[in-house]
Amino acid sequence: MDETEFWELIDGSREVAEGDPQDQADVLVERLLQLDPDSVLDFARHFEARYHRAYTWDVWAAAAVLLDGASDDVFDSFRCWLIGQGREVFEGALHDPDGLADLLDDFDDEVDGDGEELGYAADEAYEQLTGAQMPDLGLPPQPREPLGTVIDFEDDDALAERFPTLWDRFRQ
């Protein structure tokens, strides 16, 4: 599976689920079940590599703005959700987290931002296909600390200064 096929699966599942992250995870599992186990492993590698790439202080701070705070677990779920939004939103957020204000049509913190189940879709499909748990993907581990400059998520002034567009749209 190449990168284009990965993003096609993400985009197609999001469209069918009409943006609902839980439904998207269910659709994604169904679509992964139509593939062979090696393709599911490839999908999992693509997903995990992007999950690790999003482990930055800036993306975490953007999640904190959108969700009015973000613990470790919440940020983990947010990164899965971010991948589920597709290549344009994901890459845009990594390049310029403040740009999420323009990339997201709308954002409901009651539903959006929590894509935990998306992170388990490949595991679930692989187990259903093979009867075994997914093996180690052979990827480097996530860095111990997020990349970039630390941001105090409790400092509203610092968040508003660093992410003015995001702050104005979602926190005012």
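**Contacts, burial and helix packing**

Modeller: Leaving out residues up to four places away in sequence, Val27 touches Ser13 and Val16, where contact means heavy atoms within 4.5 Å. This is a predicted model, in which local features need pLDDT of at least 70 and side-chain atom pairs count only at pLDDT 80 or more, while totals for chains, interfaces and linings use all residues. Residues are numbered from 1 along each chain as its sequence is written, and side-chain values use heavy atoms, with hydrogens and water left out.

Colleague: What makes Val27 buried?

Modeller: Its relative accessible area is 12%, and buried means under 20% (exposed is over 50%, partly exposed in between, with a 1.4 Å probe and protein chains only). Val27 is therefore buried. The residue lies in helix α2, residues 21–32; a helix here is a DSSP run of H or I with at least four residues, numbered from the N terminus. The C-alpha atoms of Val27 and Leu118 are 9.8 Å apart, although 91 residues separate them along the chain.

Colleague: Is Arg50 buried or exposed, and how do you know?

Modeller: The relative accessible area of Arg50 is 8%, so this residue is buried. Arg50 belongs to helix α3 and touches Glu3, Phe6, Trp7, Ile83 and Phe90, not counting residues up to four places away in sequence.

Colleague: How is the packing of α3 and α8 described, and why is it called so?

Modeller: Helix α3 (residues 37–53) and helix α8 (residues 121–130) pack at about 165°, with axes 9 Å apart. Axes are lines fitted to C-alpha atoms, for helices over the stretch in contact, and angles run from 0 to 180 degrees between N-to-C directions. Angles under 35 degrees count as roughly parallel, over 145 as roughly antiparallel, 65 to 115 as roughly perpendicular and the rest as oblique. The two helices are therefore roughly antiparallel. Among the residues of α3 that meet α8 are Pro37 and Phe43, and the α8 side includes Tyr126 and Leu129. By class, this contact has nine nonpolar residues, one polar and no charged residues.

Colleague: What makes α3 oblique to α5?

Modeller: The axes of α3 and helix α5 (residues 72–84) cross at roughly 120° and come within 9 Å. That angle makes α3 oblique to α5. Phe47, Arg50, Tyr51 and His52 in α3 meet Asp76, Arg79, Cys80 and Ile83 in α5.

Colleague: How do you know that α4 is mostly covered?

Modeller: Of its 11 residues, 10 are buried, including Trp57, Trp60 and Leu67. The elements that cover the buried residues of α4 include α5, α6 (87–95), α7 (100–103), α9 (156–162) and α10 (164–170). Just after α4, Asp68 takes a positive phi of about 55°.

Colleague: Which residues touch the most other members of the largest nonpolar core?

Modeller: They are Leu32, Phe43, Phe78, Leu82 and Leu100, in a core of 53 residues. Helix α4 (residues 57–67) gives the most to this core, with 10 residues. A nonpolar core is a set of buried Ala, Val, Leu, Ile, Met, Phe, Trp, Tyr and Cys residues joined through side-chain atoms within 4.5 Å. Leaving aside neighbours within four places in sequence, Leu100 is in contact with Ala62, Leu66, Phe78, Leu82, Val89, Ala93 and Leu166.

Definitions and conventions: Ala, Val, Leu, Ile, Met, Phe, Trp, Tyr, Cys and Pro count as nonpolar, Asp, Glu, Lys and Arg as charged, and the others, Gly among them, as polar.
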